[in-house]
Structure formats: C-alpha cells, structure tokens
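Subject: The structure for you to look at

Hello,

Here is the structure I promised to pass on. Please open it next to this message, and my notes on it follow below.

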Amino acid sequence: MGNKVVIIGKLWRLMLPIALALLSGCGERASVPELPARADVKRGRQLAEQVGCGSCHRIPGIPSANGQVGPPLEGLAERAYIAGILPNHFDTLAAWIAEPQRFAPNSAMPNLGLSEDQARDIAAYLYSQGRRNIQTGEEF
Amino acid sequence: MIVKRNAHTGNRMSCGLGSLLSCVMASTARAQNEQTVFEPVSDHAEGIVWLWWAMFWVGAVIFLAVMLLLAVGLWRARRPNSGLGESASRNLVIAAGVAIPLVILLTLVGGSLMLGRSIAADPPPNVMRVRVTGWMWWWQVDYLDQDGKVIASTANEIHVPVGRPVEVQLISADVIHSFWVPQLHGKTDVMPGQLNSTWFTAEKAGVYRGQCAEFCGVQHALMAFLVIAEAETDFRRWLERQAAPAEMPENPRARFGLEVFLDRGCASCHTVRGTDAQGNIGPDLTHLASRRTLAAVTIPNTRGHLGGWISDPHSVKEGVFMPRTLLEPEELTALTVYLETLE
Ligand SMILES: [Cu+2]
C-alpha cells in the first residue's frame, strides 16, 4: 500500500511537467499559480482523508471530514497564525502537520508519522481551499 | 490585478473539477471495497444473481412483446374493419393473458423455491461456526470451537478460510438487524432472542463488504463489516493471534496508555483480554490494531482517526453509544500509542 502510493507519487511527478506544459498551452491558464515544489494537491486531499485529519477537523472539500476535536480548517490559508503560535507560511504549515510536538510539545494533535512530502501535499491541499497564492503567500 | 483575478478563477475552476473527481475516488476508497451482487464468490450468491438475471431477461422479453403488440394494434386500428375475428381475439386473450403468464410465473416461482431450498439446506459437516451479534451499530464476531465455546472475539471483521463452509449464527443484542454480504449470500434477519443462521463458502480470496440491511436507527447506514476470505494457513495464523490475550506493553508511554484506558472509563465498556478491562457494551479491543477499520467500516484504522474517534465519536458517527472522553493531550497520545500495540 505505502509502496504503491510512493510509486504513483513518482509517476505523477514525472507527468506533472507534461501536464503543466499542456496547461500553459491554453493561454489564460498560464497564470495559474504554481504549487510549491514537490507538493500535490490531489494527493494531499486523499492523504488527509486516509490518515484521519477529518476525524478531528472540518475540512472544506472533504464531506466526511467534520470532526470537532480541533479547529475547522476552512479559511486556513487566510489565517495569520497556525495553531496560534506559528506565522502562516507554507513551509511552517507543512512542518506543523509533520510534527506538531516540535512546536507545541503538549498538543493533542498527533504525530501521524507522515513523510515531509506527505505533509507538504496536505498543506498544499489546505492552501488550495483558500484565497492565498501558495507560491508567494500573498492573498488574492 | 486583473491577471491575478483570472488566475484565481482559473484555479478555482480546475479545483472544482478536480475535487469532483477526487470526491468520487475518495468515496470509493472510503467504502474500502465495492459492495455488489453482480460478482458472486459463493454458490449461494451465484444462484441468487442467476435467478435475478433470469427474471430480468424474462421481464425484458415480455415488455418488448407487449410493446410490439401495442404498436401493431395501434397501427391496425387506423384501418377500417381491421379487428381480429371473435374467436381469434378470444384465443389471443386466453393464450397471452392467461396461459403464457401462468407458465412463466410458475417456472419463476419454482426456480426461486428450488434456490431457496438449496440455500436453506443444512451446511456440510466440516462447517466452521462463527457467532455474530448485531448491536446498534456494529457487529460482534465470536469464533466458536466444536463445543460452541468462544475462542476469540473481534468486531466488524470476519475472517474465513477460502473453500471451507462457514455457518454464521446470528443474534441481536437490541433491535432487528439484517446480515448481508451481497457477494456471499442472501440477507438474513438478526433478531433479538432468536438464533438465526446462514452459511456460505467463499470460493475466492478477497475482502467482501457486508452491510446491515434492516433499518435499525440513526447509524444504520454506517453499520457495515468486512468478510476477509484468505488461505487456510493465513486464516489459522490470524485466528491463533485473535485467540491470544493482549501482551503487556514494554514501552513506558504505552503502559501509561493502558492506565489511562483502565482509569478513564474505557474499561467499563470494552474488553482487552489479559487486562482488567472486561466491559461488554462495546467491541472487544484485544487485537484492535489488527483491524482495518474503526466503528463498523466508518473510518480507516489509523492513528489520526483513532485519536479523533476517542476524543469525539459523535462527530464521526452521530448518536453512537460511546461517550466523548475529555483526556489531557498526553493521556490521549499515550492511549493511542497503547491501542496501537494491540496487534
Ligand atoms: Cu441496520
């Protein structure tokens, strides 16, 4: 299972430049903000659902994610601080997701044993649900 | 600025499509396994789907024939003096309205009676016995030895060896449920105070989803289970493991987790064999970590889901008979670490 995910991930990464090239062919779309390197929104969404973010958080775009244990993640991208302690940048968000205890030793949010890439994918998904250019951090 | 707006809407649009797709994909992933009557893996289920197709095709042919007759009738009615003679129309009514339907219906009734008999027949003598108890809204699964004594207890997951007949004895702890694995057998009601039974032989290894098929309250729809058919040796290894009590964890954090489990009320509803936890309101958790899903195939069995489930089961499965437990964060962490040792 884990292996499969990795392989699919690798394949996808190979395909991404092609997809981007195709997209940039359609004029208007050329200005779609690019994702941060090594992050995949779609995979992030699947991961978020599988590992269980949704049992604690409400997450836009994932109907089964309606947990009320932690804060809802709607509009996360617009928030100034993550978990009330970290300035909201893509990299800090990914780092928080990967290992909350690094920043808040007493947090009830578990360390899910995610790889750095997986955490970045999830962060990318969460940002994609908001109004913030994932690349520059600027709001639309 | 304008470019940016475009970029935004462009992004939104592709996201909309993308999330629609991934929605479909994710919902199938969530189901763990498709549930279908059309891919039977046992004789019983094969008989059922065969009868279904027979009825479908007979019905389809009759429908077409009736439509054809109607068309012919309408067509001929436009011409004067075009009716059938008196005796010809009487014969048509008797043949198409009485004789043919009688033959078809009797054949179909005979077919389903015969199928019903073969399904209801006693299982062969080498049958393995499992007792399944329906609870609002999960399934208790007890493996029985020759004398009917329970050797292992689990929940929402029934492992069976491929090729060996399995009898499932069904009883309800509360209201009427119905036990149904479409790929293996027909629905069987699960009654309070009355032992029903059904049996099947899974002919192919695989994971087959089952579902309660009798409305039983708010979470009826989330009362599913998995039948896992595997090779005899794998099955034996699994059963041996399930029959063993839980091991005392080595890791100090997990030991603290066990204390939390015993002190914070979990033990009054749940059993972990080998510890003082002997509750019997909720699922036996002795080998929780070996299960694929939590809460009757509602969520995958992962650390994140487990923590969320313990902290607030009701936002996962509203109305469920497990209370919300407010633990200190370090208690929650230790508890999940402990539960993960229950392999
Ligand atoms: Cu039900």
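Contact here means heavy atoms within 4.5 Å, and helices (H or I, at least four residues) and strands (E, at least two) are DSSP runs, numbered from the N terminus. This is a predicted model, in which local features need pLDDT of at least 70, side-chain atom pairs count only at pLDDT 80 or more, and totals for chains, interfaces and linings use all residues. Residues are numbered from 1 along each chain as its sequence is written, chains are lettered from A and ligands numbered from 1 in the order in which they are written, and side-chain values use heavy atoms, with hydrogens and water left out.

Let me start with a helix pair in chain A. On the H2(A) side, Val41(A), Arg43(A), Gly44(A), Arg45(A), Leu47(A) and Ala48(A) meet Gln118(A), Asp121(A), Ile122(A), Ala124(A), Tyr125(A) and Ser128(A) of H5(A). Six of the residues in this contact are nonpolar, three polar and three charged (Ala, Val, Leu, Ile, Met, Phe, Trp, Tyr, Cys and Pro count as nonpolar, Asp, Glu, Lys and Arg as charged, and the others, Gly among them, as polar).

H2(A) itself is largely enclosed by the rest of the structure, because eight of its 11 residues are buried (under 20% relative accessible area, with a 1.4 Å probe and protein chains only). Among them are Glu49(A) and Val51(A). At the start of H2(A), the backbone nitrogen of Lys42(A) has a side-chain oxygen of Asp40(A) within 2.9 Å. Just after the helix, Gly52(A) has a positive phi of about 110°.

Now to chain B. Ser153(B) sits in strand S3 (residues 150-155) of chain B and is buried, at a relative accessible area of 14%. Its side chain makes a polar contact of 2.4 Å with that of Asp142(B) (a pair of N or O atoms within 3.5 Å; within protein, one must be able to donate a hydrogen and the other to accept it, and residues adjacent in sequence count only if both atoms are side-chain atoms). Leaving out residues up to four places away in sequence, Ser153(B) also touches Arg273(B) and Asp284(B), among others.

A word on confidence: pLDDT is the predictor's confidence in each residue, from 0 to 100. Chain B has a mean of 89, with 90% of its residues at 70 or more. Residues 1-32 of chain B, however, stay under 50. Where pLDDT is low, the predicted coordinates should not be read in detail. The model scores ipTM 0.73 and pTM 0.82.

Best wishes

Key. Buried < 20%, exposed > 50% of the residue type's maximum accessible area, 1.4 Å probe, protein only.
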